[in-house]
Amino acid sequence: MATLVTGGAGYIGSHTAVALHEAGRDVVIVDNLANASRRAVEAVRALTTPEVVFVEGDLLDPVVLDRVFAEHEIDEVVHFAAHKAVGESVAHPLEYYRNNLGSTIGLADAMVRHGGNRLVFSSAGTGYGQPETGPVTEAAATGAESPYGWTKYMAEQILTDTAAVTDLDAVLLRYFNPVGAHPSGTLGEDPHGIPNNLVPFVMQVAVGRLDRVRVFGADYDTPDGSGVRDYIHVMDLAEAHVAALDALGRGLPGATPINIGTGVGHSVLEVIEAAARAVGSPIPYEVVGRRPGDIAMTWAATDRAEELLGWRTSRDLDEMLRDHWRWQSSNPDGYA
Ligand code: UD1
């Protein structure tokens, strides 16, 4: 039997492929390489013996899906493949709905027809908005702020409705802010163009590709005025997928949303300080205006993950930044 990882050449998918292999799974990656590099697949293969199988193909093509299910005995799936840029999704909503929902529907359909019935879905904590008080629980999701966010919200609903009437069971992992890299420094995040997210931006400043970090607001109602988020090491996140498949294997029924975070918030300024410690020199920054759409703070309630998956994070902010820096400094141009 084999585990299918869609989008397995991407940032979180590639780390998860390695974690699944380490947990004893035979891994089959499907990726169309639209926003990922073949070198990421090579990096995964260098860390895994025997080799993971790689199929270059698009999930919107039912022939590709049927071939993968027919040729490999797929009994479980981790589904990452999706467009993921918030701003781009606002400019190109139809492309986002077509790609992200079409691939999820096609995949779920193939699973139902071929009998692979355990699915872990890569969702996001983006639909939560600003919590009233304390950490965000799974009950809080109310919608989304962008077409990208809506695709995650709608895909969760599609899988929930499908799980209600088929043998398919799903865990819907709602990630907070993944950062870091594989400790080998050979596998990491490789954003195209100027990064939107904080840590990739900070790292490009550290290698000299950008001149300074812009801190989007230091006048929030937070301890130091800058925005607070729940950053999670990508290796902890990868291991959460293994734990979720194991929980499905033990019989967790239906479609279950589960937050994946550390339960601890860190501010933008704390992240910049941790990056400076990792790099060994100060990170230049300036405070600028707030970014439209940003909230002051959010962090995850982790009780459900601990209860249902028996999983919790073990890596702190300094380890996240150290590992991210090892990757970025050994690969200043990413996989290019
Ligand atoms: C963003 C996405 C979210 C996605 C997540 C992936 C938006 C609105 N949300 O979340 O959908 O799942 O990334 O990790 O885009 N910041 C700066 N300077 C920068 C960049 C960011 O100060 O150059 C601040 C932000 O204001 C925020 C924090 O850093 O307080 C984190 O920002 P970011 O990494 O973009 O993540 P989110 O906005 O939380």
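Modeller: Let's start with Ala85, which sits in the loop between strand 4 (74-79) and helix 4 (86-91). Keep in mind that this is a predicted model.

Biologist: Is Ala85 buried, partly exposed or exposed?

Modeller: Buried needs under 20% relative accessible area and exposed needs over 50%. Ala85 comes in at 25%, so the label for Ala85 is partly exposed.

Biologist: Which residues does Ala85 touch, not counting those up to four places away in sequence?

Modeller: A touch here takes heavy atoms within 4.5 Å. With residues up to four places away in sequence left out, Ala85 touches Tyr96 and Tyr148.

Biologist: And how far apart are the C-alpha atoms of Ala85 and Glu22?

Modeller: Along the chain, Ala85 and Glu22 are 63 residues apart.

Biologist: On to the ligand. Which side chain has a polar atom 2.5 Å from an oxygen atom of the ligand?

Modeller: The ligand has 17 residues around it, and the closest include Thr126, Asn197 and Arg214. Backbone also takes part: a polar backbone atom of Leu198 is 2.8 Å from a ligand oxygen, and Phe216 likewise has a polar backbone atom 2.8 Å from a ligand oxygen. The side chain with a polar atom at 2.5 Å from a ligand oxygen is that of Asp294.

Biologist: How much of the ligand's accessible area does the protein cover?

Modeller: On its own, the ligand has 740 Å² of accessible area.

Biologist: Which element gives the largest share of the shell around the ligand?

Modeller: Two elements give two or more residues to that shell: strand 7 (177-179) and strand 8 (213-216). The largest share is three residues, and it comes from strand 8.

Biologist: How many residues of the shell are nonpolar, polar and charged?

Modeller: The shell draws at least three residues from each of domain 1 (2-179 + 232-260) and domain 2 (198-230 + 263-330). By type, the shell splits into eight nonpolar, five polar and four charged.

Biologist: Last one: is Asp323 buried or exposed?

Modeller: Asp323 lies in helix 11 (residues 317-330). Beyond its neighbours within four places in sequence, Asp323 is in contact with Ala181, Pro183 and His233. Its relative accessible area is 5%, so Asp323 counts as buried.

Technical notes:
Residues are numbered from 1 along each chain as its sequence is written. This is a predicted model: local features need pLDDT of at least 70, side-chain atom pairs count only at pLDDT 80 or more; totals for chains, interfaces and linings use all residues. Side-chain values use heavy atoms; hydrogens and water are left out. Helices (H or I, at least four residues) and strands (E, at least two) are DSSP runs, numbered from the N terminus. Buried means under 20% relative accessible area, exposed over 50%, partly exposed in between (1.4 Å probe, protein chains only). A residue is near a molecule or strand if one of its heavy atoms lies within 4 Å of it. A polar contact is a pair of N or O atoms within 3.5 Å; within protein, one must be able to donate a hydrogen and the other to accept it, and residues adjacent in sequence count only if both atoms are side-chain atoms. Accessible areas come from the Shrake-Rupley method with a 1.4 Å probe; for residues, only the protein chains shown count as cover. Ala, Val, Leu, Ile, Met, Phe, Trp, Tyr, Cys and Pro count as nonpolar, Asp, Glu, Lys and Arg as charged, and the others, Gly among them, as polar. Domain bounds come from an automatic or database domain assignment.
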